[in-house]
Amino acid sequence: MSVISLTTDFGLRNGFVGVLKGVIYGIAPDVTIVDVSHAVAAQDVREGALVLWRTYSFFPKDTVHVYVVDPGVGTKRRAIAARLGEYYFVGPDNGFLTPMLEDAVQSKRSVEFVHLDKPTYWLPKVSRTFHGRDIFSPVAAHLANGAPLQDLGSSIDDPVRIEMLHPEKTSTGWKAHVTMVDIFGNLSTDLPAHLFQGRTDILFRLQGVVIHGIVESYGHRAVGELVALVDSEDYIELAEVNGSAAKRLNAKIGDVVEVLVSE
């Protein structure tokens, strides 16, 4: 079974997501298509990258991850495909793959990139504004059907990279950042929980509000309290019990979370 995932900023109001799937099924009718998200903020490459980064490795190896957050569509930006470790990726060369590439380099996994310059693997007619339909979806389908990556385009070694935020060690703890705001308004950060080595006597400060300690889960504090906990991927998360920490703190992706560790 071949799997293709889709991550876009298209939303579901129009038929954009549906037509991606239609193109894929027309070329690779036996694949399984999985929606990662279609609610990435419009044109927000960094947010989309973080969404896929937190999910891609949970898929079966050889999954083809298609990403279409593409503010540069129709310009000179390249269309690319890549194999990073055990996964394929197809989309615009706009830095979206930076965190996945960092993972592969850090763990010394294989890295291959190609510029999608072989129209044989595209739809016959390519628009200037919808490469997700006309280039990325057909290329992903051909990959899922077994087409070798190197047959899809010319090899490149200079993919665009964007600056990604990482937690920074300070004299009093860490400076972390909000990396995801989920549908409940919970705020995941880029701070791995293992850095605390089981300690819970930590202070977190966001937007001038201090949260004391780390709890096991949301239900360990009263409704309306702000809490810090370890999320499902072992990163520190800030939440409001039965509420929205994002709304209460007026927080967004990229906001700094000050982490204070008592001596």
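## Close-up views of a predicted model

**View 1. Val31, a buried loop residue.** Val31 is buried, with a relative accessible area of 9%. Welcome to this model, which is predicted; we start in the loop between α1 and β2, where Val31 is found. Which residues does Val31 touch, leaving aside those up to four places away in sequence? They are Ser2, Ile4, Ile24, Tyr25 and Ala144. For a sense of distance, look across to Arg78: Val31 and Arg78 are 26 Å apart in space, C-alpha to C-alpha, and 47 residues apart in sequence.

**View 2. The largest nonpolar core.** This core has 30 residues, and the members that touch the most others are Ile4, Val64, Val66, Val90, Leu116, Phe136 and Leu152. At least two core residues come from each of β1 (3-8), α1 (16-27), β3 (64-68), β4 (79-84), β5 (87-92) and α4 (131-144). Helix α4 gives the largest share, with 7 residues. As background, nonpolar side chains in soluble globular proteins tend to be buried together.

**View 3. Val90 and its contacts.** Zoom in on Val90, and you can pick out contacts with Val64, His65, Val66 and Tyr67, with Ile80 and Ala81, and with Leu116, Phe136, Val139, Ala140 and Leu143, when residues up to four places away in sequence are not counted.

**View 4. An open sheet of 7 strands.** Follow the strands across the sheet in the order β2-β1-β3-β5-β4-β6-β7, and note that their pairing is mixed. Why is one side of β2 (32-37) and of β7 (154-156) left without a neighbour in the sheet? Both stand at the edges and each has a single partner strand, so one side of each has no neighbour there. On average, neighbouring strands of this sheet are turned by 25° against each other, direction ignored. Within the sheet, β3 and β5 run parallel and are joined by 3 bridges. Look for Val64, which stands opposite Tyr88 in β5.

**View 5. Strand β9 and its partners.** Here β9 (residues 173-181) runs antiparallel to β8 (residues 168-169), and 2 bridges join them. Glu168 has Lys175 in β9 as its bridge partner, and a hairpin leads from β8 to β9 through 3 residues. Strand β9 also pairs with β15 (residues 256-261), in the antiparallel sense and over 5 bridges; there, Ala176 has Val257 as its bridge partner. A further 3 bridges join β9 to β10 (residues 187-192), again with the two strands antiparallel. In this pairing Val178 stands opposite Thr189 in β10. The hairpin formed by β9 and β10 has 5 residues between the strands, and Gly185 in the turn has a positive phi of about 85°.

View 6. Glu237 lies in strand β14 (residues 235-240).

Terms used: Residues numbered from 1 in each chain as written. Predicted model: local features only at pLDDT ≥ 70, side-chain atom pairs only at ≥ 80, totals over all residues. Heavy atoms only, no water. Core = buried A, V, L, I, M, F, W, Y, C linked by side-chain atoms within 4.5 Å. Buried < 20%, exposed > 50% of the residue type's maximum accessible area, 1.4 Å probe, protein only. Helix = DSSP H or I, 4+ residues; strand = E, 2+ residues; numbered from the N terminus. Contact = heavy atoms within 4.5 Å. Pairing = 2+ DSSP bridges. Axes fitted to C-alpha atoms, helices over the stretch in contact; angles between N-to-C directions.
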